[in-house]
Amino acid sequence: MKVGIYIKEKAHNWDPRLSDLVERLRASNVSVYNIEVRNDVQSDTDVILSIGGDGTFLSASKRVADSGIPILGINFGRMGFLSESQPDEAIEAILKGQYSIEDRDMLYASIPDKDLNTDFGFWPFALNEITIHRVSASVMGINVSLDGVPLPTYWADGLIISTSSGSTAYSLSAGGPICTPESRVIMIVPISPHNLNVRPLVVPNTTKISISTMVRGESIMFTMDNRTMELNADTTINISLAGMTLRRVKLPSSNFVNALTSKLYWGEDIRNS
């Protein structure tokens, strides 16, 4: 068996939990190697371990998603919806083969007459969300069309286009709905809207989304998960379901509702005691 390890925060290299994890894997004749960039990923790898929090998992997805190799998030961070497993249970599950693989939707972004990857060096896929933000102090107008049908203009600080995986991330803090990870939907959530009658919108994941902006200034901020770049204010951005999914390792102890109650204190009420 071969296992790749991705670590974003270098401080974790000196964490005794990591050295114990590696020693136990190697003691069971598991081949272990480190990953820093996409070219480090070896094609005969059985599983990638993402060591850290959800931000590390998102960075690992950029390096691994198109290889089809599943990722197991081991939580050395804080929140941990994507990286929810503890080291001991992760090692036991890997060695005994007691886990399942789930496919998580990803989003793909494109710009007419440009290639984000070639022209900007920007990987055009996102596991959690794609966002646009204003750069200037003025509120921005955001025009959105769904399969060619225009929505009323959003007047807001920005807009989030989220997968179901991202429903507990930025979308949640902007007032978006919580969706179970297996929900095949895309959420459109305005950031600090200046319209009292604007609400988040949930659409099928097959929807083709096109976005353009009206803004004072020459640029807008564009993000895909934890990656950021500036685009010209007159840029049109097209968003659709990616042609690939991210394969995520799910342990038997994984439970989305339990994660909501333990990490976000959902239903925390003295009457529920």
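I take helices (H or I, at least four residues) and strands (E, at least two) as DSSP runs, numbered from the N terminus.

**Model.** I worked on a predicted model, in which local features need pLDDT of at least 70, side-chain atom pairs count only at pLDDT 80 or more, and totals for chains, interfaces and linings use all residues. Residues are numbered from 1 along each chain as its sequence is written, and side-chain values use heavy atoms, with hydrogens and water left out.

**Loop residues.** I located serine 192 in the loop between β13 and β14. Serine 192 is not a glycine, yet its phi is positive, about 45°. Serine 192 counts as partly exposed because its relative accessibility is 47% (buried is under 20% relative accessible area, exposed over 50%, partly exposed in between; 1.4 Å probe, protein chains only).

I then looked up aspartate 225, in the loop between β16 (219–224) and β17. Aspartate 225, also a residue other than glycine, has a positive phi near 55°. At 9% relative accessibility, aspartate 225 counts as buried.

**Sheet.** I traced an open sheet of 6 strands in the order β14-β13-β12-β8-β16-β17, with antiparallel pairing (two strands pair if DSSP finds at least two bridges between them). β14 (201–204) and β17 (227–232) are the edge strands, each with a single partner, so one side of each has no neighbour in the sheet. I noted 4 bridges in the antiparallel pairing of β13 (residues 185–191) with β14. Methionine 187 has valine 202 in β14 as its bridge partner.

**Helix α2.** I found 8 of the 11 residues of α2 (residues 54–64) buried, among them Phe57, Leu58 and Val64. The buried residues of α2 pack against β1 (2–7), β3 (47–52), β4 (71–75) and β19 (246–250) (contact means heavy atoms within 4.5 Å).
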